Amino acid sequence: MALLNSAHGGNIREAAAWLGIDPQQLLDFSANINPLGMPGALKQALCQNMDLLERYPDPAYPGLYQALAAHHQLPAAWLLAGNGETEVIYTLVQMLAPRRAMLVAPGFAEYRRALQQVDCQIETFLLTEAEGWQLTESILPALTAELDCLFLCTPNNPTGLMPDESLLLEIVARCRQLNIALIVDEAFLDFLPDRSGLIPHLASNPHLWVLRSLTKFYAIPGLRLGYLLNSDPQAVAQLRERQMPWTINALAALAGEVILEDKAYQQATLRWLNAERPRLCQRLRALSGVTVLEGQANYLFLRCDVAGLDLQRALLEQHVLIRSCANYPGLDERYFRVAVRSAGENDRLVEAFEQVLAV
Ligand SMILES: Cc1ncc(COP(=O)(O)O)c(C=O)c1O
């Protein structure tokens, strides 16, 4: 039975209650948040602009939309921002109201929940261990005219795997041919600076919806900010019509104006990840019983093959919380996801692993 009820990582309250300790005493590797913390310029802007909270935000969020449009060099009319990417997923699914959708498993849980709310019939395309959990061309024949919608996550959560660009473009073309709305979640793409994702292909593909989150890279999951892009301004205008007013609070909207051009923070983040990801991988790979699977992004996907060891529970006893992937369709209790954190925190994670594997 699952140790924690939460459908996501990051629930340190539940984990700490299970141990009977203060949540502050836990090191959380279960949520994939940039350990640099929010950009300094943002913290300063938030502190200096508290009085924004005393007024309603402009429901058209002109400053935020201008900043997003400038960042992507695309028209603001192609964008819908929301209270985290999660809100945008639900608003989009409510509008598209697909009758039949395909999800790739394992994958992020909120696509399924959003589709269930519109009584959509869901087909699951299972990734396999034999194919290294990578999305391959075998998905192409599974895309048929009966489908209204396909969700992809690139890089995928929890595997951290990024499909080849050529395969992504084949999927875009097949979905266009079959009239399938293709929703591509690029929540973690900023952590892969060598990949540009599908935004450059929006113009010729109005059936393509790209989702972006700012909460992971800029360490603002509590502030909440995300958005989508699509090249059909009328469809985007319909989404804006449907969205409740003021879903983005005034400080989150301000954050969008401050963080996107913070090049120094972006570079510092990529320097940290370039150094720490391979180092953590290498240290964990040196342990027996644990396999670190191939992937990219700011988290690692692991399999633990030590019979009888409840890895999440054992690490929790060392005050380290990792994400069990047992509740992902397509995975089981052998699979885990850990965030890459600061060098010192990663060393503590490895020490905790050494403790529990040595028993
Ligand atoms: C793949 C993926 N997409 C979207 C989200 C949600 O992002 P946000 O915090 O912007 O709602 C998450 C959160 O964990 C995620 O893992």
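## The ligand shell

By class, the shell around the ligand has four nonpolar, five polar and four charged residues. Here Ala, Val, Leu, Ile, Met, Phe, Trp, Tyr, Cys and Pro count as nonpolar, Asp, Glu, Lys and Arg as charged, and the others, Gly among them, as polar. The model is predicted: local features need pLDDT of at least 70, side-chain atom pairs count only at pLDDT 80 or more, and totals for chains, interfaces and linings use all residues. Residues are numbered from 1 along each chain as its sequence is written, and side-chain values use heavy atoms, with hydrogens and water left out.

Of the 13 residues around the ligand, Thr86, Asn157, Asp185, Ser213 and Arg224 come nearest. A residue is near a molecule if one of its heavy atoms lies within 4 Å of it.

Thr86 places a polar side-chain atom 2.6 Å from an oxygen atom of the ligand. The side chain of Asn157 has an N or O atom 2.7 Å from a ligand oxygen. On its own, the ligand has 400 Å² of accessible area, and the protein covers 90% of that. Accessible areas come from the Shrake-Rupley method with a 1.4 Å probe; for residues, only the protein chains shown count as cover.

## The loop between S8 and H7

Asn230 sits in the loop between strand S8 (226–229) and helix H7 (233–242). Helices (H or I, at least four residues) and strands (E, at least two) are DSSP runs, numbered from the N terminus. Asn230 is buried, at 0% relative accessible area. Buried means under 20% relative accessible area, exposed over 50%, and partly exposed in between (1.4 Å probe, protein chains only). A polar atom of the Asn230 side chain lies 2.9 Å from the backbone oxygen of Leu208. Beyond its neighbours within four places in sequence, Asn230 contacts Trp78, Leu202, Pro206, Leu208, Trp209, Ala235 and Val236. Contact means heavy atoms within 4.5 Å.

Ser231 is found in the loop between S8 and H7 too. Ser231 is buried, with 11% relative accessible area. A polar atom of its side chain is 2.8 Å from the backbone oxygen of Leu202. Not counting residues up to four places away in sequence, Ser231 touches Trp78, Leu202, Ala203, Asn205 and Pro206.

## Aromatic pairs and a cluster

The structure holds twelve aromatic pairs. Rings of Phe, Tyr and Trp (its six-membered ring) pair if their centres lie within 6.5 Å; planes under 30 degrees apart count as stacked, over 60 as edge-to-face and the rest as tilted. Phe108 and Tyr111 have ring centres 5.5 Å apart and planes at 75°, so they are edge-to-face. Both Phe108 and Tyr111 are buried. Phe188 and Tyr299 also form an edge-to-face pair, at 5.0 Å between centres and 75° between planes. Phe188 lies in the loop between strand S6 (181–185) and strand S7 (208–213), and Tyr299 in strand S10 (residues 299–304), so the pair ties together parts 111 residues apart in sequence. Phe188 and Tyr299 are both buried.

One aromatic cluster contains Phe188, Phe191, Phe217, Tyr218, Tyr265 and Tyr299. Phe191 is placed in the loop between S6 and S7. At 4% relative accessibility, Phe191 counts as buried. Leaving out residues up to four places away in sequence, Phe191 touches Lys216, Phe217, Thr269, Leu270, Trp272, Leu273, Ala297 and Asn298.

Helix H8 (residues 250–259) is largely enclosed by the rest of the structure, because eight of its ten residues are buried. They are Ala250, Leu251, Ala252, Ala253, Leu254, Ala255, Gly256 and Ile259. These buried residues pack against helix H2 (40–48), H3 and helix H9 (263–285). At the start of H8, a side-chain oxygen of Asn249 reaches to within 2.9 Å of the backbone nitrogen of Leu251.

In helix H1 (residues 12–19), Glu14, Ala15 and Ala16 are buried. Their cover includes helix H10 (311–317) and strand S11 (320–321).

Conventions:
A polar contact is a pair of N or O atoms within 3.5 Å; within protein, one must be able to donate a hydrogen and the other to accept it, and residues adjacent in sequence count only if both atoms are side-chain atoms.
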